[in-house]
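Colleague: I'd like to learn how to read a few features of a structure. Could you walk me through one?

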Amino acid sequence: MLTAPRKLGLVFFPAFDWAISPTHPEREERLLYTQDQVFEEGVLDIEGIEEFKPDLATMQDLRRVHFCAPDEWSVVTESHLISAGGAKTIAMSVLDRKVDRGLALVRPPGHHAMRVVHGARGFCNINIEAMMVEFLRDAYKIDRVAIVDTDCHHGDGTQDIYWHDPDTLYISLHQDGRTLYPGTGFPHELGGPTAVGSTINIPLLPRTSKEGFLQVIDGIVLPILKEFQPELVVNSAGQDNHYTDPITNMNFCAQGYAQLTERLDADIAVLEGGYSIEGALPYVNLGIILAMAGLDYHTVREPDYDPVKIRQSEDTTQYIDSLVGKVIEYWRECPDILEKNRNTKKFDERERTIFYDTDNILENQRERIRVCRDCSGVLSVDSLTDRGYHIFAVHVPRKACKACQELGREWFETANLRSYDRVFLQDRLEREYLIRKR
């Protein structure tokens, strides 16, 4: 019997009873073809590869991460909680040392879901990786975490949740936002005033192929990971960079994904996008499974694979040469920017308009953070949608100093309920989640 050099845990959750519509690209067939491929190849017969059944995420898991308006059951279904629960299950199997690495092949995905949730964006309602990470922080006392997002779309939701967290390094490789939803993720987006340098964005030109992806892994991702020294590396694993994907424009392949997975060597991978249901996902996911288990993946090929046909242009290669230098240069400047912020600012604000493309909601946000020298700072979000729903949310970070915690309580208690439908307090230090209603 074949034995995997590294024990690998798998969770499958195709969510049979949930889809945006029967013909939408984000539907259950995304995982059914992968399951068939895994069974046909006898992957689950390999010694050391084990399947786990997904757990159900709880309201507490949800409330560590999100403010859902008007409430949690207005924006999630049981399928969303099982998807997030599947990520939790695979993370626990790794942290409990039942396996060496874990891969959650689950849906619905989550990396476009931000801290405040009024509905679905980019097919995402809740952020399953963030819920998994914050559960691990509470249950296993994990502190420094790196999330490397290899989905073709910029993971703006995960970036938003960790924008002010210096203990979470978020790195996103994605198709340039000038050419693809959600239109964000540029190198100058480096994190909030108390966490500058904890966000790294690597926008790639359309038609980037294997050589380009591996170059940014070697030139940017691995050096920054080495310096950050995370206790846990999570791969937010989107498979929609594939050359056959119907909603993106890249030239990546199954062999490339397997090599990227091997080099990144993440502890946990969680499926995000990938919509070439027959042409890509069974091969890409198989390559990733074999690479995570330390098995030979070199015979995994798509039926129509032709490396010459999908080779990137010389202009793309030159762009990536320049991009690697630019991103590293920005990152090296971050400690000085961080120190300057703490010496010159007491508070910082930003205003944003966020479009929920899946549910057709427009949200206006005003965010305010205390630029604290002792912690990452208490945060408030004033959020109003074009449907007239208005909330005020206060986030006290898990390492908040006494002054920031007291200020957060004051903001929560003094917010004028005549102006808001709901006022929320998420106090991570005290593990409390409070709501005031009009």
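Colleague: Let's start with the helices: is the crossing of α3 past α4 left-handed or right-handed?

Modeller: Keep in mind that this is a predicted model. Two packed helices are described by the angle between their axes and the distance between the axes. Here α3 passes α4 in a right-handed crossing. The axes of α3 (residues 78-95) and α4 (residues 128-140) come within 9 Å and cross at roughly 40°. α3 and α4 are therefore oblique to each other.

Colleague: Which residues of α3 and α4 meet?

Modeller: From α3 you have S83, A84, A87, K88, A91, M92 and L95, and they meet I128, M131, M132, F135, L136 and Y140 of α4. By type, the residues of this contact divide into eleven nonpolar, one polar and one charged.

Colleague: What does UniProt say about residues 79-278?

Modeller: The unreviewed UniProt entry places "domain: Histone deacetylase" there. Over residues 79-278 the chain is 33% helix and 18% strand, with the end C-alpha atoms 23 Å apart.

Colleague: Now backbone geometry. Which peptide bonds are cis?

Modeller: Most residues other than glycine have a negative phi, and most peptide bonds are trans. In this model, a cis bond joins R107 and P108, with omega about 5°. P108 sits in the loop between β4 (101-106) and β5 (116-117). Another cis bond runs from Y181 to P182, where omega is near 5°. You'll find P182 in the loop between β7 (168-175) and β8 (199-204).

Colleague: And phi: what value does A15 have?

Modeller: A15 has a positive phi of about 55°, although it is not a glycine. It belongs to the loop between β1 (3-13) and α1 (29-40). R207 also isn't a glycine, and its phi is positive too, near 75°. R207 is in the loop between β8 and α6 (210-228).

Definitions and conventions
Residues are numbered from 1 along each chain as its sequence is written. This is a predicted model: local features need pLDDT of at least 70, side-chain atom pairs count only at pLDDT 80 or more; totals for chains, interfaces and linings use all residues. Side-chain values use heavy atoms; hydrogens and water are left out. UniProt positions are given in the numbering used here, feature names are shortened, and annotations may be inferred rather than shown by experiment. Helices (H or I, at least four residues) and strands (E, at least two) are DSSP runs, numbered from the N terminus. Axes are lines fitted to C-alpha atoms, for helices over the stretch in contact, and angles run from 0 to 180 degrees between N-to-C directions. Angles under 35 degrees count as roughly parallel, over 145 as roughly antiparallel, 65 to 115 as roughly perpendicular and the rest as oblique. A crossing is left-handed if the near helix is turned anticlockwise from the far one by less than a right angle, and right-handed if clockwise. Contact means heavy atoms within 4.5 Å. Ala, Val, Leu, Ile, Met, Phe, Trp, Tyr, Cys and Pro count as nonpolar, Asp, Glu, Lys and Arg as charged, and the others, Gly among them, as polar.
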